[in-house]
Amino acid sequence: MSETIKKFLYLNRKAPYGTIYAWESLEVVLIGAAFDQDVSLAFMDDGVYQLTKGQDTTGVGMKNFSPTYAALGDYEVKKIFVEKESLDERGLTLDDLQHLVWEDEDDDWAEKDSIRLVSREEMTAIMDDADVVFSF
Amino acid sequence: MKFAIQVNEGPYQHQSSDSAYFFTKAALEKGHEVFRVFFYHDGVNNASRLTTPPQDDRNVVARWAELAEEHDLDMVVCVAAAQRRGMVDEGEMQRNGKDATNIHPRFRISGLGQLVEAAIQSDRLVVFGD
């Protein structure tokens with residue numbers, strides 16, 4: 001496909017169900033995995049709700065796509081940055097989010113945490129460091 | 001510089017499509033290259049050849065098509081987003097058993113890989129949307 005490897009950052013800022021952005025962003029991540037780039041995901045603002053566990057969409061009649069996040073490790077997505085201030089502002093902690101892991105083949109397939117809690121300041125540095133920012 | 005443009009919002013409802021158009025036009029006129037314009041989310045609606053705006057308003061679809069004609073611009077509509085929203089070309093009509101097409105011939109329907117490829121190949125990906 002391509003020899004170039006770029007740092008891709010998928011920036012997720014919106015709640016999972018009020019609009020389709022979250023789901024269609026995830027579709028880009030899944031397709032994009034085939035291109036073997038250096039991929040990171042970031043969740044901030046209402047985007048942190050995308051990762052909450054125990055989602056039940058029965059009432060709104062929409063597909064609950066949240067189990068898909070647990071498969072990201074199989075797509076070689078190992079870096080998921082969650083902004084601490086966004087969690088704080090919404091009364092959430094890491095315990096409210098799904099426990100997302102990836103398997104390290106260099107370490108006997110040990111499961112390692114994908115989610116990294118970062119400050120707003122660190123998030124700006126992560127964005128600055130990216131070659132491509134897909135903003136959803 | 002080589003640009004990839006992503007348009008995430010539909011025409012008339014939202015300014016994103018207008019802004020993306022003006023940015024793309026200005027970049028081309030300054031001699032930059034636009035590798036691809038990719039229409040995603042409700043942005044796929046920018047490709048409907050059936051759009052009929054009032055006469056005293058801008059024609060967003062025709063405007064994109066003219067720019068593409070003039071600069072041989074590659075304008076791609078995401079297939080998954082298009083299927084959800086009823087944006088249909090000849091191939092999609094046959095594949096999905098539909099009785100009509102509505103895509104403007106200057107646009108083409110293809111996969112999300114085209115967006116990822118454009119991001120890899122270009123110096124900058126510029127996203128227009130909320």
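1. Leaving aside residues up to four places away in sequence, B:C78 touches B:F38, B:F39, B:Y40, B:V44 and B:L112. The model under discussion is predicted. B:C78 also belongs to the largest nonpolar core, which holds 68 residues. Those touching the most other members of this core are A:Y10, B:F38, B:F39, B:V77 and B:C78. In soluble globular proteins, nonpolar side chains tend to be buried together.

2. The contact between the two chains comes next. On the side of chain A there are 15 residues in contact with 13 residues of chain B. Two elements of chain A, α1 (21-32) and β7 (132-135), each give two or more residues to the side that touches chain B. The largest share, six residues, comes from α1(A). By residue class, this side of chain A divides into seven nonpolar, five polar and three charged residues.

3. The open sheet of chain A has five strands, placed in the order β6-β3-β2-β1-β7 and paired in parallel. The strands β6 (115-118) and β7 of chain A stand at the edges; each has a single partner strand, so one side of each is left without a neighbour in the sheet. On average, and with direction ignored, neighbouring strands of the sheet are turned by 25° against each other. The helix α1(A) lies across β1 (7-12), β2 and β7 of chain A and runs at about 165° to β1(A).

4. Strand β3 (residues 79-83) of chain A pairs with β6(A) in the parallel sense, over four bridges. A:V82 has A:L117 in β6(A) as its bridge partner.

5. Chain A also contains an antiparallel pairing. Strand β4 (residues 101-104) and strand β5 (residues 110-113) of chain A are joined over four bridges in the antiparallel sense. For A:E103, the bridge partner in β5(A) is A:E111. The hairpin of β4(A) and β5(A) has five residues between the strands, and A:D108 in this hairpin takes a positive phi near 55°.

6. Most residues other than glycine have a negative phi, and most peptide bonds are trans. A:D36 has a positive phi near 50° and is placed in the loop between α1 and β2 (38-43) of chain A. Because it has 13 C-beta neighbours inside 10 Å, A:D36 counts as partly exposed. In chain B, phi of B:D72 is positive as well, near 55°. The place of B:D72 is the loop between α2 (60-71) and β3 (75-78) of chain B. B:D72 has 7 other C-beta atoms within 10 Å and is therefore exposed.

7. How is B:K98 placed in chain B? B:K98 is found in the loop between α4 (90-95) and β4 (107-110) of chain B. Since 13 C-beta neighbours lie inside 10 Å, B:K98 counts as partly exposed. Apart from its neighbours within four places in sequence, B:K98 is in contact with B:V88 and B:M93. From B:K98 to B:L73 the separation is 25 residues in sequence and 28 Å in space, taken C-alpha to C-alpha.

Terms used:
Residues numbered from 1 in each chain as written. Chains lettered and ligands numbered in written order. Predicted model: local features only at pLDDT ≥ 70, side-chain atom pairs only at ≥ 80, totals over all residues. Contact = placed C-beta atoms within 7 Å. Nonpolar A, V, L, I, M, F, W, Y, C, P; charged D, E, K, R; others polar. Buried ≥ 20, exposed ≤ 12 C-beta atoms within 10 Å, placed from the backbone. Core = buried A, V, L, I, M, F, W, Y, C linked by C-beta atoms within 7 Å. Pairing = 2+ DSSP bridges. Axes fitted to C-alpha atoms, helices over the stretch in contact; angles between N-to-C directions.
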